Amino acid sequence: MSASCRFQVADFVAARSAISTAVRHTPVVPSANLGAHAGVPVHLKLEHLQDTGSFKLRGATNAVAKLDHEARRRGIVGVSTGNHGRALAFAAKQAGVSCTICMSRLVPENKVAAIRDLGAEILITGNSQDEAQIEADRLVAEKGLVLLPPFDNRDVICGQGTLGLEILEDVPDVGTVLVPLSGGGLISGVAAAIKATKPSVKVIGISMERGPAMIASLKAGCPVQVTEEPSLADSLGGGIGLDNRFTFQMTRDLVDEVVLVSEAEIAAGIRHAYWQEKQIIEGAAAVGIAALISWKVRSDASIVAVLSGGNIDMKLHHRITSGEDVDLTAEGDA
Ligand SMILES: *Cc1c(COP(=O)(O)O)cnc(C)c1O
């Protein structure tokens, strides 16, 4: 049976009630000038205003809520220096569960501090994400901690899908939803939740040209590895896992179209969000606006673009919004 058949509206409704006290129902606002540009109403789902600055809190909170008594007692572990790590730390703290985040020695101190400040225990080990993963696996084997992955997990997908339910409620005439795409947890949940209720809604996934692991995998017909490259959409980096269980199949079966955007287009998306919409968003969150501005997506009915997160280095944001042509490859600091 295909992975997508195993998710029903009831699963997302249950996740929604499980996370309702800890996770915000974020606002949706119309964008007059993107609407004029696209020729149909355009709405922005302001998920960067979520606690911890991204939608990852939905999946993390649901996964923590689903732990049994014994697992809660032992605690959770994750491997992430970014939005997933923040979300796990915050969700665990709210639930009174201990949380360990494993990171490599190369992670910059500001990223370490952001997660430590949310109450997680930080375990610094090795020189790469892979070595941090090995340490996490050891904690699972030796101490019985529960590893919560960023996207390829049933409870995480159900949590992310709650965002889709909010879109249907707040924009009942939605025709097309634009979703940033990396490992595919967000788009799998959103597409499954929306299509189970209203199959006519189109769901479009958008990745950056630099290292789009899911789109390369869809083309290959199975999960493949891609070389990681620095990108303004850093939260979209990384692979989908060669042993992917859910999100590859779900993205393949439920997503109507995938689109790639360039670094210059992502920068234009960040600029547009700031100057026209007065929103501070990170590169990963700007890909929907980027695709709209560059005419890479079309729809004859209302569009909702998901602004998935706001965790961007503010110095980098300032440079981009001041008009500088930032090329992270040349800087090698991504
Ligand atoms: C993780 C993340 C994404 C991509 O989500 P996937 O579930 O991996 O596809 C998009 N935007 C932001 C801000 C993220 O943190």
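I began with the shell around the ligand, which by class holds six nonpolar, eight polar and two charged residues; here Ala, Val, Leu, Ile, Met, Phe, Trp, Tyr, Cys and Pro count as nonpolar, Asp, Glu, Lys and Arg as charged, and the others, Gly among them, as polar. I kept in mind that this is a predicted model, where local features need pLDDT of at least 70, side-chain atom pairs count only at pLDDT 80 or more, and totals for chains, interfaces and linings use all residues. Residues are numbered from 1 along each chain as its sequence is written, and side-chain values use heavy atoms, with hydrogens and water left out.

I then looked up the neighbours: 16 residues surround the ligand, the closest being K56, N83, G184, L186 and S308, where near means a heavy atom within 4 Å.

For polar contacts (pairs of N or O atoms within 3.5 Å), I noted that a side-chain N or O atom of K56 is 2.7 Å from an oxygen atom of the ligand, and that L186 places a backbone N or O atom 2.8 Å from a ligand oxygen atom. A polar side-chain atom of S308 lies 2.7 Å from a nitrogen atom of the ligand. The protein buries 97% of the 380 Å² that the ligand exposes when taken alone, with areas from the Shrake-Rupley method and a 1.4 Å probe.

Technical notes. Polar contact = N/O pair within 3.5 Å; in protein donor to acceptor, adjacent residues only side chain to side chain.
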